[in-house]
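Please look at how aromatic rings pair in the structure below. A pair of aromatic rings is described by the distance of the centres and the angle of the planes.

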Amino acid sequence: MTDITAVFTHYIEHYDSVDIAESEFKKHLHEDSELRVAYRDWCHEVGSSEKRGFLDFCEEYLDNKNNIWDSLSSDYDE
């Protein structure tokens, strides 16, 4: 079974932009039926559409990453 969030994270961290990461992910998605099933299941579980699922994950992932840096920065400023 594919850990879909690990796959998402790989693409986000491997490519310099979300657009390129999404494009490469979708390309891989069309080539790998196991990934396609895992993605479809994940989208259903989190209530996201298959069209927006990867982007929704990216937004949340990057927001969380920014919040960590903001928290560390505010701790440093004090």
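Buried means under 20% relative accessible area, exposed over 50%, and partly exposed in between, with a 1.4 Å probe and protein chains only. Phe8 is buried, with a relative accessible area of 0%. This is a predicted model, in which local features need pLDDT of at least 70, side-chain atom pairs count only at pLDDT 80 or more, and totals for chains, interfaces and linings use all residues. Residues are numbered from 1 along each chain as its sequence is written, and side-chain values use heavy atoms, with hydrogens and water left out.

Rings of Phe, Tyr and Trp (its six-membered ring) pair if their centres lie within 6.5 Å; planes under 30 degrees apart count as stacked, over 60 as edge-to-face and the rest as tilted. Searching the whole structure gives eleven aromatic pairs. In one of them, the ring centres of Phe8 and Phe57 are 4.9 Å apart and the planes are at 50°, so this pair is tilted. Helices are DSSP runs (H or I, at least four residues), numbered from the N terminus. Because Phe8 lies in helix α1 (residues 4–14) and Phe57 in helix α4 (residues 53–77), the pair ties together parts that are 49 residues apart in sequence.

Phe57 also counts as buried, at 15% relative accessibility. Its ring centre lies 5.9 Å from that of Tyr61, with the planes at 20°, so Phe57 and Tyr61 are stacked. These two residues are four apart in helix α4, and therefore separated by about one helical turn. Tyr61 has 19% relative accessibility and so counts as buried.

Ring pairs link Phe8, Phe57 and Tyr61 into a cluster with Tyr11, Tyr15, Phe25, Tyr39, Trp42 and Phe54.
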